[in-house]
Amino acid sequence: MPIPQNPPKLNRISAKDMTLKQLRDWITQGILQPGEKINDSELAEALGVSRTPVREAFQLLEYQGFIEMIPGKETRIKPLVATDVTNIYRPLAALEAIAAEMATEKIGDKDIKKLWEYNQNFAKALEHQEGLTAMDWDKQLHQIIVNKADNPYLSTSISMLHMHAHRIEIIYFQQKGMPANQSIKEHEQLITALEQRNPHQAAEAMRHNWLRPMQVIAEQIRKSTRI
C-alpha cells in the first residue's frame, strides 16, 4: 500500500513504557522505599494494566539496577548502601567534567545568566531548608551544562546515573542543617570557569562538586539504613 506523505506524529506510549516510567519515578522519588517488597498484581491493579507490562518493566528495572528479583521468593526495591555513593558519584563526576569541558565551546551568555540565576534559587531553597526544591534547582543547573556539551552518547550515560543519584539526593537534601554552602561556592566556581571559557577549570570545578560530598552522603546513608 502507498505510504501517506507527512503523516501526523503519534504520541502513543505502550503499557510497558508507561509502567516502566511510573515505577522508576516512584523509586527515584522515594515513594517506593529501598528494600520495600513489590507485587506485580498489586501494581498492575493500581496502574490499570495487566500483569504482563508490569513483569516486563520489572525485568528492565532489574537490568538498570533499581530492583532485585529473587525467583520464587520476592521482588523488592534495591536497598541503598554507602558504596552506591562511590559507584554512582565517581563516574558521574568524570562524565559531567567532560560535559563541562565541552560546554565551554558552545555555552552562551544567556546560558551563563541562567546558571547564576539557578544557583541563587538553589541558595535560597537551602536557606529556607527546602531540600527537594534545592535538589530541583541543582539538577536544572547541571542539565544546562550537559545539554550544552551537545553529545547524545554522553547525555544518555549521565541520564541513567542521574536517576540513581536522585534516590541518594532525596536522603541528602532532605536533611535539615546539612552543610551546603560549599555546593553554592562550587557552583560559583564552575559558572565562573564557564563564563571565562576555561575548559580545564570548568572540568575541575564540576568534578569537585560531585566528589566532595561523597563521604558526607555515604555517612548519612549509613545512619539512615543503620549499616
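Start with α5 and α6: α5 passes α6 in a left-handed crossing, meaning the near helix is turned anticlockwise from the far one by less than a right angle. This is a predicted model; local features need pLDDT of at least 70, side-chain atom pairs count only at pLDDT 80 or more, and totals for chains, interfaces and linings use all residues. Residues are numbered from 1 along each chain as its sequence is written, and side-chain values use heavy atoms, with hydrogens and water left out.

The two helices pack at an angle of about 160°, axes 8 Å apart. That makes α5 roughly antiparallel to α6, the term for angles over 145 degrees. Axes are lines fitted to C-alpha atoms over the stretch in contact, and angles run from 0 to 180 degrees between N-to-C directions.

Who meets whom? From α5, the residues include Leu115, Tyr118 and Phe122; from α6, they include Trp137, Leu141 and Ile145. Contact means heavy atoms within 4.5 Å. The residues of this contact divide into 10 nonpolar, four polar and four charged.

Buried is under 20% relative accessible area, with a 1.4 Å probe and protein chains only. This core has 36 residues; Leu115, Ile145 and Leu190 are among those touching the most other members. Elements giving two or more residues include α5, α6 and α8. α4 gives the most, nine residues.

Look at Leu190. Beyond its neighbours within four places in sequence, Leu190 contacts Ala100, Leu141, Ile145, Ala202, Ala205 and Met206.

Finally, a second, separate core has 16 residues, including Leu20, Leu23, Leu47 and Leu61.

Conventions. Core = buried A, V, L, I, M, F, W, Y, C linked by side-chain atoms within 4.5 Å. Buried < 20%, exposed > 50% of the residue type's maximum accessible area, 1.4 Å probe, protein only. Helix = DSSP H or I, 4+ residues; strand = E, 2+ residues; numbered from the N terminus. Parallel < 35°, antiparallel > 145°, perpendicular 65-115°, else oblique. Nonpolar A, V, L, I, M, F, W, Y, C, P; charged D, E, K, R; others polar.
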